[in-house]
Amino acid sequence: MVEIIKKLKHQVVQEARELSKSKNRIAENKIQLRGLEQIKWAWDAGLEIKSIIISNNENLADYKGIPCQIYQTSNGILKKITGTNYLVESVGIAEGPPIKGELDEFVLLLDNVKDHGNIGTIIRSGMAYGIKDYLTTSDDLDPYMPKTIDASRGTNFKVFFRRHSHPQEAVSYLKEKGYQIIATSPHGKSLQSTIKLDKKPVALVVGNETSGVSDEVLKAADHIVQIPMYTGVESLNVGVATGISIYELRLKEVLTMLADKIMASLGREINVTSQLIRKAFNIKLKEISEYTGDHIIFLMVLKREFQMNEEQIEKQFGYFSNSLKIFLKPLFENNLIKKERDEIEITKTGEELLAKLWPIHEKTENILLQEFTEKEKKELRRYLGKIQQNCIRVMKYKA
């Protein structure tokens, strides 16, 4: 049932009004949502919507399905809530995302980035490449400014933020967690595309729009790189530069840690998983690639094993004689594999294809494991490990 609000002093109005200020949003870990689109973004991201206040002109049916109390009020009170001289037809109050425990293997450190639109663009670009962890070098960064929400298209509701009060504090935290720090600078000694990453998690630093990455962070960085540009262009917008850096470094990170990633993914259990998983990968890969799931899984196994002969491929993948030749033909033709004497190896081109298609593998895995909690995913892999060990015991017993 809709409740009518007639007074500015109403408790819900006061709460919503307080959340128009960054300091209150940060302190309360709550978000003021402006307009139906922002409310739907937050709801789709799984945030808890506490209440919604709409104008008398709004269609109540548009908010159907969102399980929260809806209030209706005058245009004047809505303007007071948002602090604007124009009307926002609806305002929502949502709980912010929780603070995440463990960080992923690729994170972004926002070093005094100020422009709210740039912050939103950076988050949206990062989310496109699976980056969900964002750290800051100041404790007053607010990722839920209205402009930031709009620029990110609501993706900021799906990621996690960890604030630090000083650049040195943020860098020390990342170092303690084993991250290699990659900072960009026009004066970097290495080109971003040529650096060699260590087999360690990556923290990419995004610097201030005017002054760039701070001296404290540059001194602690493991790599200081630059993006090469044609003469006449001094710099790129920080959002654009970040997108380029994420793409290149994400690809390098996957290539550097590919064998470890394979071992830690469903690919490790390929010999004991169902044919349904192969079919699922086939369906997803067919949407964007000429290769089958078996092709990609074969390249993954080849990357892990370094070399395989045809007899090993026949036993592991079930392709024999002419069907094996048909299976391998597109891989040879596109220089994804090569033959050294009787052994087949993956090429550099094959490794790059794996890195580019890895997000599809991760997306399919997420689909297969949807509705699993992180704890359940770990338990699943533990159970699969036990099954594998039991199979090995049976094989040894039979031998």
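Guide: Helices are DSSP runs of H or I with at least four residues, and strands are runs of E with at least two, both numbered from the N terminus. In that sense Phe298 lies in helix H12, residues 293-305. Residues are numbered from 1 along each chain as its sequence is written, and side-chain values use heavy atoms, with hydrogens and water left out. The model is predicted, so local features need pLDDT of at least 70 and side-chain atom pairs count only at pLDDT 80 or more, whereas totals for chains, interfaces and linings use all residues.

Visitor: What makes Phe298 count as buried?

Guide: Its relative accessibility is 0%, and buried means under 20% relative accessible area, with exposed over 50% and partly exposed in between (1.4 Å probe, protein chains only); Phe298 therefore counts as buried. Leaving out residues up to four places away in sequence, Phe298 touches (heavy atoms within 4.5 Å) Met308, Ile313, Phe317, Phe327, Leu328, Leu331, Ile337 and Ile344.

Visitor: How do you know that the buried residues of H4 line one face of the helix?

Guide: The buried residues of helix H4 (residues 75-82) are Ile77, Leu78, Ile81 and Thr82. Seen down the axis of H4, these residues fall within an arc of 130°, taken over the directions from the helix axis to the C-beta atoms, so they line one face of the helix. What covers them includes helix H1 (11-18) and strands E2 (30-34), E3 (49-55), E4 (69-73) and E5 (90-95).

Visitor: What makes Ser55 count as buried, and which residues does Ser55 touch?

Guide: Ser55, found in strand E3, has a relative accessible area of 0%, and is therefore buried. Not counting residues up to four places away in sequence, Ser55 touches Gln72, Thr73, Asn75, Leu78 and Glu89.

Visitor: Why is the meeting of the side chains of Ser55 and Glu89 called a polar contact?

Guide: A polar contact is a pair of N or O atoms within 3.5 Å, where within protein one must be able to donate a hydrogen and the other to accept it, and residues adjacent in sequence count only if both atoms are side-chain atoms. The side chains of Ser55 and Glu89 make such a contact at 2.5 Å.

Visitor: How do you know that E6 is mostly covered?

Guide: In strand E6 (106-110), 5 of its 5 residues are buried. Phe106, Leu108 and Leu110 point one way from E6, while Val107 and Leu109 point the other way. In a regular strand the side chains alternate between the two faces of the sheet.

Visitor: What joins E6 to E11 and to E7?

Guide: Two strands pair if DSSP finds at least two bridges between them. E6 and E11 run parallel and are joined by 5 bridges, and E6 and E7 pair in the parallel sense over 3 bridges.

Visitor: Why are E8 and E10 called edge strands?

Guide: The open sheet of 7 strands has the order E8-E7-E6-E11-E9-E12-E10, with parallel pairing. Strands E8 (160-163) and E10 (190-191) each pair on one side only. For E10, 2 bridges join it to strand E12 (residues 223-226), and Leu191 has Gln226 in E12 as its bridge partner.

Visitor: Why is the pair of Tyr144 and Phe157 called stacked?

Guide: Rings of Phe, Tyr and Trp (its six-membered ring) pair if their centres lie within 6.5 Å, and planes under 30 degrees apart count as stacked, over 60 as edge-to-face and the rest as tilted. The count by this rule comes to 5 aromatic pairs. For Tyr144 and Phe157 the values are 6.1 Å centre to centre and 15° between the planes, which makes the pair stacked. Tyr144 lies in the loop between E7 and helix H6 (146-152) and Phe157 in the loop between H6 and E8, so the pair ties together parts that are 13 residues apart in sequence. At 6% relative accessibility Tyr144 counts as buried, and Phe157, with a relative accessible area of 2%, is buried too.

Visitor: What makes the pair of Tyr319 and Phe327 stacked?

Guide: The rings of Tyr319 and Phe327 are 4.3 Å apart centre to centre, with 10° between the planes. Tyr319 counts as partly exposed at 21% relative accessibility, whereas Phe327, at 4%, counts as buried.

Technical notes: Axes are lines fitted to C-alpha atoms, for helices over the stretch in contact, and angles run from 0 to 180 degrees between N-to-C directions.
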